[in-house]
Amino acid sequence: MEDCIFCKIIKGEIPSEKVYEDDKVLCFKDIEPGAPVHVLIIPKKHIDSINDITEEDTKLIAYIYLIAKQIAVKLGIANKGYRIVTNCGKEGGQTVSHVHFHMLGGRTLKWPPG
Ligand code: 5GP
Ligand code: ZN
């Protein structure tokens, strides 16, 4: 996906503060943090949104949660608690069309979000 900023981050064409990387996923700090800990976990495979996930992606999405819990330990928020959220579409607040999982923590989070 040529114009996708997250694909460019994966390729290293746009710099990012990486927290974790392997062959399937990348995790990096959000450029506009909404909490003391705010990282984005993304699959290296370009998928536009949750609406575009297919059955072949189910292992990948589950894997993201497995990695997420490890990242939570690494960032020191596992025991205190954190939130993982994915925005989908315009009304869901999605601004980047490459599916991503926000991990937010480091403070008490309000519910429901705005
Ligand atoms: P969305 O609004 O689609 O749920 O989340 C997109 C997130 O990507 C936003 O929180 C935004 O701050 C973050 N973001 C957008 N562009 C960049 C960028 O170039 N680098 C980083 N690290 N984060 C970005
Ligand atoms: Zn992409």
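Biologist: Which element gives the largest share of the shell around ligand 1?

Modeller: Helix α1 does, with three residues; helices are DSSP runs of H or I with at least four residues, strands runs of E with at least two, numbered from the N terminus. The model is predicted, with local features needing pLDDT of at least 70 and side-chain atom pairs pLDDT 80 or more, while totals for chains, interfaces and linings use all residues. Residues are numbered from 1 along each chain as written, chains are lettered from A and ligands numbered from 1 in written order, and side-chain values use heavy atoms, without hydrogens and water.

Biologist: What makes N87 a polar contact of ligand 1?

Modeller: A polar contact is a pair of N or O atoms within 3.5 Å. A polar side-chain atom of N87 lies 2.7 Å from an oxygen atom of the ligand, so the pair meets that definition.

Biologist: How much of ligand 1 does the protein bury?

Modeller: Alone, ligand 1 exposes 520 Å², of which the protein buries 83%; areas come from the Shrake-Rupley method with a 1.4 Å probe.

Biologist: Why is the pair of F6 and F28 called edge-to-face?

Modeller: Ring centres must lie within 6.5 Å, and planes over 60 degrees apart count as edge-to-face. The centres of F6 and F28 are 5.4 Å apart and their planes stand at 80 degrees, so the pair is edge-to-face. F6 is in helix α1 and F28 in strand β2, 22 residues apart.

Notes. A polar contact is a pair of N or O atoms within 3.5 Å; within protein, one must be able to donate a hydrogen and the other to accept it, and residues adjacent in sequence count only if both atoms are side-chain atoms. Rings of Phe, Tyr and Trp (its six-membered ring) pair if their centres lie within 6.5 Å; planes under 30 degrees apart count as stacked, over 60 as edge-to-face and the rest as tilted.
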